[in-house]
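Hello,

Here is the structure for you to look at.

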Amino acid sequence: DFVFDTSQAVVRVRFVAKAGGNCLYAQALLEPKARVKSLRLAVRCYPSGYVSDADRHVLTPTRDLEQGRRAELDVAKEWWTLYYDSIYDAGYVGSTRSGVGPCAMLWVPGQTEKAGFTVGGYGIETVLDLKPTVRDVRFVFFDYAGKKNEAAKADLRGRAQTLLKELTTFAFTDPSLANWPLPQKQAEIRQVLASVPEDKETAAQYERWGRELAAQLKLVRSGSAGAIMAEANAAKTIGQWERGLPALKLKALLNKI
């Protein structure tokens with residue numbers, strides 16, 4: 001997670017990897033503090049390496065654009081882009097650099113008003129003008145390191161529709177936090193604290209954390225304004241709660257001996 005609390009908005013960028021998967025799911029979640037008139041996102045990549053004697057290409061669902069070309073995408077039909085180098089393919093060994101492999105991204109077409117790029121000879125920056133009303137921006141990123149260009153193209157073409165469907169419903173909420181059983185945890189801590197009645201300070205601390213978490217988790221589960229910071233704060237509080245528990249249980253055990 002990366003959380004930015006700015007004068008214009010609170011923004012959280014979250015990256016999620018699935019066990020056994022080979023792509024990265026990303027969400028930019030916005031809570032504006034002022035009216036959003038325009039929303040632009042830029043991503044940059046250096047296909048297969050930081051090289052200047054390259055032959056860069058960008059593949060979309062409908063065309064292959066070579067180095068030097070400028071493109072405005074048909075956002076309804078071109079909602080993924082694969083960036084590759086025809087010289088520095090995976091396995092290519094040059095005098096100073098070797099090829100690593102291509103990379104790609106996929107996004108939800110309905111979130112975009114306009115998208116475009118110039119196929120640069122070094123880095124390639126893709127700029128997406130998003131709908132100003134969008135608050136949940138979603139992507140899938142691919143690092144095809146070690147995979148040949150043609151294999152990467154075939155992989156993305158074959159999976160794109162399935163991934164798009166999955167991305168639109170992907171649950172970015174941290175399940176370990178959203179499902180954290182506060183009542184059960186409070187019952188557990190009360191039982192432990194009963195064995196250390198002299199530790200008033202710790203009892204007060206857990207009582208305070210319990211109140212904070214009740215409010216924070218309620219806001220997180222509602223998804224309303226303030227949920228981004230509430231989730232970040234809840235994660236911090238849960239971490240403190242869990243870290244303090246082993247020492248407290250040991251103290252309670254020693255009191256019984």
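**Pockets and a sheet**

The lining of the largest pocket is made up of twelve nonpolar, three polar and three charged residues. Please keep in mind that this is a predicted model. The space in this largest pocket comes to about 400 Å³. It is lined by 18 residues, and Q8, A9, L30, S38 and L39 are the closest to its centre. Three strands, β2 (9–17), β3 (23–32) and β4 (39–45), each give at least two residues to that lining.

The second largest pocket has a volume of about 290 Å³. Its lining counts 22 residues, with L29, T173, V220, G223 and A227 closest to the centre. At least two lining residues come from each of β2, β3, β12 (136–143), α4 (200–222) and α5 (227–256). Strand β3 has the largest share, with four residues. By class, the lining of this second pocket holds ten nonpolar, four polar and eight charged residues.

Now the sheet. Four strands form an open sheet in the order β4-β11-β10-β7, and their pairing is antiparallel. The edges are β4 and β7 (70–72); each has a single partner strand, so one side of each has no neighbour in the sheet. From one strand to the next, the twist averages 15°. Within this sheet, β10 (residues 112–118) and β11 (residues 124–130) run antiparallel and are joined by five bridges. To find one of the residue pairs, look at A115, whose bridge partner in β11 is L128.

Regards

Conventions. Residues are numbered from 1 along each chain as its sequence is written. This is a predicted model: local features need pLDDT of at least 70, side-chain atom pairs count only at pLDDT 80 or more; totals for chains, interfaces and linings use all residues. Side-chain values use heavy atoms; hydrogens and water are left out. On a 1 Å grid over the protein atoms alone, a cavity is a set of points where a 1.4 Å probe fits but cannot get out, and a pocket is an open set with protein on both sides within 12 Å along at least five of seven lines; lining residues have an atom within 4 Å of a point. Grid points are joined across faces, edges and corners, and a volume is the space filled by probe spheres set on the points. Ala, Val, Leu, Ile, Met, Phe, Trp, Tyr, Cys and Pro count as nonpolar, Asp, Glu, Lys and Arg as charged, and the others, Gly among them, as polar. Two strands pair if DSSP finds at least two bridges between them. Axes are lines fitted to C-alpha atoms, for helices over the stretch in contact, and angles run from 0 to 180 degrees between N-to-C directions.
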